[in-house]
Amino acid sequence: MEQTLFVKKLIEKTKQNVKTIVLPEGEDERVLKAAHEVAQIKAAKLIILGNEAEIKSYFANNNWNLDGIEIIEPEKSPDLQKYADMFYEMRKEKGVTPEDAFKQMHNYNYFGTMMIKAGKADGMVSGAAHSTADTVRPALQIIKSKKKGRSVSSAFIIVSNDKPYVFSDCAIIIDPTAQELADIAIDASETAIQFGIEPNVAMLSFSTKGSAKHEKVTKVVEATKLAQEQLKLPEYKDLGIKIDGELQLDAAVDSVVAAKKAKGSEVAGKASVLIFPDINAGNIGYKLCQRIGGAEAYGPFLQGLNAPVNDLSRGALVEDIVGMIAITCIQAQ
Ligand SMILES: CC(C)(COP(=O)(O)OP(=O)(O)OC[C@H]1O[C@@H](n2cnc3c(N)ncnc32)[C@H](O)[C@@H]1OP(=O)(O)O)[C@@H](O)C(=O)NCCC(=O)NCCS
């Protein structure tokens, strides 16, 4: 399948600093095809977890070489016991026994996540055959948030008419508090910067600048204030991040509406990072753009983790997996 312009640009960026990505779903044909494609264009080094003989024969039957690809069978790996010991040490206070830890390492999502922890890989892409929770939970337990006490959230990059936007959070934090929503806004603005998207952040609501009154609006107003406060911290000072809210979607992205509804806002009319008030709005919002609006959707990928672990949709196509591997490499750079 033809790569989109956005994926082509991502691939170019991955080649500037090649990363190693672990793919724990070696039994899935789409994953093998994506691995072959990525390895051929040298966008990443790959480690596939799965049955070595079967994967080798799949590649041989297609006349594909395995350059840039390592295959590991967790059950036969000399690292299995080491990772189990590491996991036990990390989780013993949570009631995990050495036996539990050894058993857990037979789960490829856990083994793959442990490879990142041990420095053998820079990131992981999974979820073609697993639920979001099963993919994400090992990362939350093992890789953990970059900032202590702060929730990990997720983002999508939505490309419409060649213009990329960051949408967040559409997949992880179901009903964020005002503080969590503020953190989502800050993390999404950093995601935008990582991908060369202007960090103009709109805190979305069904109200613009006090046009409606409701506790759901109040939460967004509070989150906006908290996020704007965070922007004063030295680490964010020179990043050019602008955050404003509460804004309706039209006021956020349409300059004519913005001029009427949110005069004087630095963000209204030119928002490229859209923060949704909860996962209902976010999940429905991105799917509307993708399924009815015809936009390209890349994600969800996690933000705020110590190393990137990303979840695929179970309906993912080979090209989606290639795009997600590229995104994961860029997050790891
Ligand atoms: C992300 C998600 C899977 C985590 O749920 P879970 O596995 O039940 O999580 P738990 O509450 O058991 O927590 C497991 C660990 O992760 C941590 N954790 C959970 N959510 C976290 C977050 N957002 N950020 C950081 N850590 C988090 C917990 O603190 C816990 O850590 P600990 O075991 O070291 O104490 C859950 O938030 C979820 O289901 N979200 C919606 C996902 C979804 O269905 N999306 C659909 C659209 S794609």
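Helix α6, residues 108–117, is mostly covered in this predicted model. Of its 10 residues, 9 are buried. The buried set runs through Tyr108, Asn109, Tyr110, Phe111, Gly112, Thr113, Met114, Met115 and Ile116. Just after α6 comes glycine 119, which takes a positive phi of about 80°.

The chain as a whole contains 14 helices and 11 strands. Its C-alpha trace spans about 65 × 50 × 35 Å along the principal axes. The radius of gyration is 21 Å; a compact globule of 333 residues would have a value near 20 Å, so the two agree. Buried residues account for 47% of the 333 residues in the chain.

The domain assignment divides the chain into domain 1 (5–144 + 308–332) and domain 2 (153–292). Taken over C-alpha atoms, the centres of domain 1 and domain 2 are separated by 31 Å. The contact takes 5 residues from domain 1 and 6 residues from domain 2. On the side of domain 1 that touches domain 2, α1 (5–14) and α14 each supply at least two residues. That side of domain 1 has 3 nonpolar residues, 2 polar residues and no charged ones.

The ligand comes next. Its shell holds 16 residues, and the closest are Ala133, Leu140, Ser151, Val152 and Ala171. Helix α7, residues 132–143, gives the most to this shell, with 6 residues. By class, the shell has 9 nonpolar, 5 polar and 2 charged residues. Where does the ligand lie relative to domain 1 and domain 2? Both domains give residues to the shell, so the ligand lies between them.

The largest nonpolar core has 101 residues. Ala185, Ile275 and Ile325 touch the most other members of this core. Helix α14, residues 318–332, gives the most to the core, with 8 residues. Domain 1 and domain 2 each contribute at least three residues to the core. Alanine 185 shows what such contacts look like. Leaving aside neighbours within four places in sequence, alanine 185 is in contact with Val201, Met203, Ala223, Ala227, Ile243 and Ile275.

Isoleucine 48 lies in strand β2, residues 45–49. Why does isoleucine 48 count as buried? A residue is buried if 20 or more other C-beta atoms lie within 10 Å of its own. Isoleucine 48 has 27 C-beta neighbours inside 10 Å, so it counts as buried. Not counting residues up to four places away in sequence, isoleucine 48 touches Leu23, Gly26, Ala35, Ile55, Ile69 and Ile71. Glutamate 27 is 21 residues from isoleucine 48 along the chain, and their C-alpha atoms are separated by 9.4 Å.

Lysine 94 sits in the loop between α4 (79–91) and α5 (98–104).

Most residues other than glycine have a negative phi, and most peptide bonds are trans. Asparagine 63 has a positive phi of about 60° although it is not a glycine. Asparagine 63 is placed in the loop between α3 (52–61) and β3 (69–72). With 6 other C-beta atoms within 10 Å, asparagine 63 is exposed. Aspartate 162, also not a glycine, has a positive phi of about 65°. The loop between β5 (153–160) and β6 holds aspartate 162. Aspartate 162 is exposed, since 9 other C-beta atoms lie within 10 Å.

Two peptide bonds are cis. The bond from serine 168 to aspartate 169 is cis, with omega near -10°. Aspartate 169 lies in the loop between β6 (163–168) and α8 (178–194). The bond from glycine 245 to glutamate 246 is cis, with omega near -10°. Glutamate 246 belongs to strand β8, residues 242–247.

Technical notes: Residues are numbered from 1 along each chain as its sequence is written. This is a predicted model: local features need pLDDT of at least 70, side-chain atom pairs count only at pLDDT 80 or more; totals for chains, interfaces and linings use all residues. A residue is near a molecule or strand if its C-beta atom, placed from the backbone, lies within 6 Å of it. Helices (H or I, at least four residues) and strands (E, at least two) are DSSP runs, numbered from the N terminus. Ala, Val, Leu, Ile, Met, Phe, Trp, Tyr, Cys and Pro count as nonpolar, Asp, Glu, Lys and Arg as charged, and the others, Gly among them, as polar. Domain bounds come from an automatic or database domain assignment. A nonpolar core is a set of buried Ala, Val, Leu, Ile, Met, Phe, Trp, Tyr and Cys residues joined through C-beta atoms within 7 Å. A residue is buried if 20 or more other C-beta atoms lie within 10 Å of its own, exposed if 12 or fewer, and partly exposed in between; C-beta atoms are placed from the backbone. Two residues are in contact if their C-beta atoms, placed from the backbone, lie within 7 Å. The radius of gyration is taken over C-alpha atoms; the globule rule is 2.2 Å times the number of residues to the power 0.38.
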